[in-house]
Amino acid sequence: MERIGDDMMFEEILSRLPAKVVCQFKCVCKQWCYELSTPKFVLIHTRRLSNLLQKKLLSLNEHTIVVDDIVSGNLEVDTRKIVTFPYDVQPSRLIIIGSFNGLILLCIRRTDANELVLWNPTIRRFKLISDDYFSRYFGRHDDTGGMYVDEHNDLKVLHINCFAGAVTARVYSRHNDSWIKLSFLKGCLFGSSFYSWSHGIYSGKTIYFTVSNYWIPPGECNIVAFDVISESFSILRFPERIQVNPCQVHFLTISDRLHGIVVRYSDELTAELFNNWIRSKGRI
C-alpha cells in the first residue's frame, strides 16, 4: 500500500466505486474529502460510470419519483426504488429539462415564482441556480436546456427561453455561481409560438436540439447545435437519406454516439432508429 501513490488510489481505484461509496470515503480524512471532491476526480468518476452496462431510469409520477435499474437494455422491475425530492413539492409540479452524468436539471413550477434546480438523486444533494429571470411561468415547449463540462472542468447549464418571438440563451457557471447571456442566431424565427423545442442531448462537445413546427402543414423539423467550446449556435442539416417532414425526431446517445428516433404518422405509427446523424456541420 505504501507504493501506491495518491493518483493511483483516487484515479484508478476509488473512481471505480459507486457514488454512495465514494461519499462514505470522504469521511476518512480531510485530504480524502478534498481529493474526492475535485472536478478532476468527478470527471473521471462520471466517465467510468457512463461506460457501465447498468443505467438508471428516473420517472416522475403524480405523487412519487421512481428509479429503476436498466441492465443491458432490460428494465429490472424488482430493483425499483422510491426517492424523495429535497423540497416539499409534488412531483407533478416538477419538469425535467435534462440530465448529465447523473445530475438532473429540473424546474419547480410555483404560483409565485419558478425555481431551477440541479439535483443529484444518488447522493441526495441539490443546488438552486435560479435568479430573478425565472420569476415568470415556465413553458414546457418554450423553455429548454442542457448541461456540459467546459475545458476548465467547470459544470455549466445552458438555458434557452422563447418569448414574444425572441430566443434568449443564457449559461450558468457552477464555479462562478452566476449567469451570462449568449448571442443567438440572428434572423431566426425559432422563438415563435409555432415552434416547439426538445430537450438538449449532449454528444461530442455539442448539445443538439430539435426545433419543430407543427402548426403549418406539412410541418418542419430543424436541428440547432450548441458548441460547448465556442459557446455558439448553428443550424445543421438532416442527412439527405432521412425524410423528416412531417414527423417527430428525438435525439439520444448510445455508447456516447448520437442517434435519432424518427416517428412518422401515416396509415400506422412507425419509428426508426438512426445513427451517424451528424456527418458534417453544414449551416443552412
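**From a helix to the salt bridges**

In this predicted model, the buried residues of helix H1, which spans residues 6–13, are Met9, Phe10 and Glu11. Because these residues cover an arc of only 160° around the axis, they sit on the same side of H1. Glu12 counts as partly exposed, at 33% relative accessibility, and Glu12 forms a salt bridge with Arg16, in which the closest N and O atoms are 3.1 Å apart.

Strand S2, made up of residues 65–71, is mostly covered, since 5 of its 7 residues are buried. S2 runs antiparallel to strand S3 (residues 74–83), and 6 bridges join the two; Asp69, for instance, has Glu76 in S3 as its bridge partner. A salt bridge also connects the side chains of Asp68 and Arg80, at 2.6 Å from N to O, and this pair links distant parts of the chain, with Asp68 in strand S2 and Arg80 in strand S3, 12 residues apart. Asp68 is buried, with a relative accessible area of 3%, whereas Arg80, at 44%, is partly exposed.

Another salt bridge brings together the side chains of Lys156 and Glu231, at 3.0 Å from N to O. Lys156 lies in strand S9 (residues 155–163) and Glu231 in the loop between strands S15 (220–227) and S16 (232–236), so the pair ties together parts that are 75 residues apart in sequence. Lys156 counts as buried at 12% relative accessibility, and Glu231 is buried with a relative accessible area of 19%. Asp150, Lys156 and Glu231 are linked in a network of salt bridges, and the count of salt bridges comes to 5.

Key. Residues numbered from 1 in each chain as written. Predicted model: local features only at pLDDT ≥ 70, side-chain atom pairs only at ≥ 80, totals over all residues. Heavy atoms only, no water. Buried < 20%, exposed > 50% of the residue type's maximum accessible area, 1.4 Å probe, protein only. Helix = DSSP H or I, 4+ residues; strand = E, 2+ residues; numbered from the N terminus. Arc of directions from axis to C-beta. Pairing = 2+ DSSP bridges. Salt bridge = Lys/Arg side-chain N within 4 Å of Asp/Glu carboxyl O.
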